[in-house]
Amino acid sequence: MLFLALLGLLAIAGPDAHARVPGTRLRFGMLESQLLGLGAFADVKVGDAGAMTTRKGPTKMFGIPGDATLYLTDGRLARVRFEAAGVSPHSRDYAEDQLRLLHMVRVCQDVPGKQVCDWTGGPVVAHVEYANQLLDVRVEPLALPGKR
């Protein structure tokens, strides 16, 4: 009976519920209180948040310092946007190498003056844009069939 209850909980949560945000200490599904324990994330309003609650603060992704905007649904982390300025091509290449080590697959678009790539692997998808030493990364759990 306990096994059936556990199996039911796993089916509800889905495999993306606790996926790690690559290059960070964040996990999708983390409670807002857990996120606040990791850093100073202030309440902010963001135009693309819809009904989500958003918080923003300093963090690192693959060792690159920047700011993360955390999007929360029902008090849990649902989406992350990481932005950093002054990112060298070497640091960008390091982050890409780390994504490859995570067995993520890259598909890039041909955009003049900008590198735009989508990385997909395991339970997450990351949209990465890089131009003029500005790095913009948006990460969310990969949608499962029948979800969203």
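**Ground rules.** I am working with a predicted model, where local features need pLDDT of at least 70 and side-chain atom pairs count only at pLDDT 80 or more, while totals for chains, interfaces and linings use all residues. Residues are numbered from 1 along each chain as its sequence is written, and side-chain values use heavy atoms, with hydrogens and water left out.

**Layout.** I looked up the secondary structure and found 3 helices and 8 strands. Helices here are DSSP runs of H or I with at least four residues, strands are runs of E with at least two, and numbering starts from the N terminus. Read from that end, the order is α-α-β-β-β-β-α-β-β-β-β.

**Burial and surface.** Of the 148 residues in the chain, 36% are buried. My cut-offs: buried is under 20% relative accessible area, exposed is over 50%, and partly exposed is in between (1.4 Å probe, protein chains only). The chain exposes about 8800 Å², with carbon and sulfur atoms supplying 60% of that area. Accessible areas come from the Shrake-Rupley method with a 1.4 Å probe, and for residues only the protein chains shown count as cover.

**Contacts.** I took the contacts (heavy atoms within 4.5 Å) between residues at least 6 apart in sequence, and 37% of them join residues at least 24 apart.

**Salt bridges.** How many salt bridges does the structure hold? I get 11, each being a side-chain nitrogen of Lys or Arg within 4 Å of a carboxyl oxygen of Asp or Glu.

I checked E32 with R55, where the side chains meet at 2.5 Å, N to O. E32 sits in helix α2 (residues 32–38) and R55 in strand β2 (residues 53–61), so the pair links parts of the chain 23 residues apart. Is R55 buried or exposed? R55 is buried at 15% relative accessible area, whereas E32 is partly exposed at 23%.

Next I checked R81 with D136, a salt bridge at 2.4 Å, N to O. R81 is in strand β4 (residues 76–84) and D136 in strand β8 (residues 134–141), so this pair ties together parts 55 residues apart in sequence. R81 counts as partly exposed at 22%, and D136 counts as buried at 13%.

D136 also forms a salt bridge with R138, the closest N and O atoms lying 4.0 Å apart. R138 comes out partly exposed at 32%. I followed the shared partners and ended up with one network joining K56, R81, E83, K114, E129, D136 and R138.

I looked at the second largest pocket, with a volume of about 150 Å³. A pocket is an open set of points on a 1 Å grid over the protein atoms alone, where a 1.4 Å probe fits, with protein on both sides within 12 Å along at least five of seven lines; lining residues have an atom within 4 Å of a point. The volume is the space filled by probe spheres set on the points, which are joined across faces, edges and corners. Lining residues include R20, F62, L102, M104 and V124. By class I have 7 nonpolar, 3 polar and 1 charged. Ala, Val, Leu, Ile, Met, Phe, Trp, Tyr, Cys and Pro count as nonpolar, Asp, Glu, Lys and Arg as charged, and the others, Gly among them, as polar.

**D48.** Last stop: D48 is in the loop between β1 (42–44) and β2, partly exposed at 40%. Leaving out residues up to four places away in sequence, D48 touches Y71 and R79.
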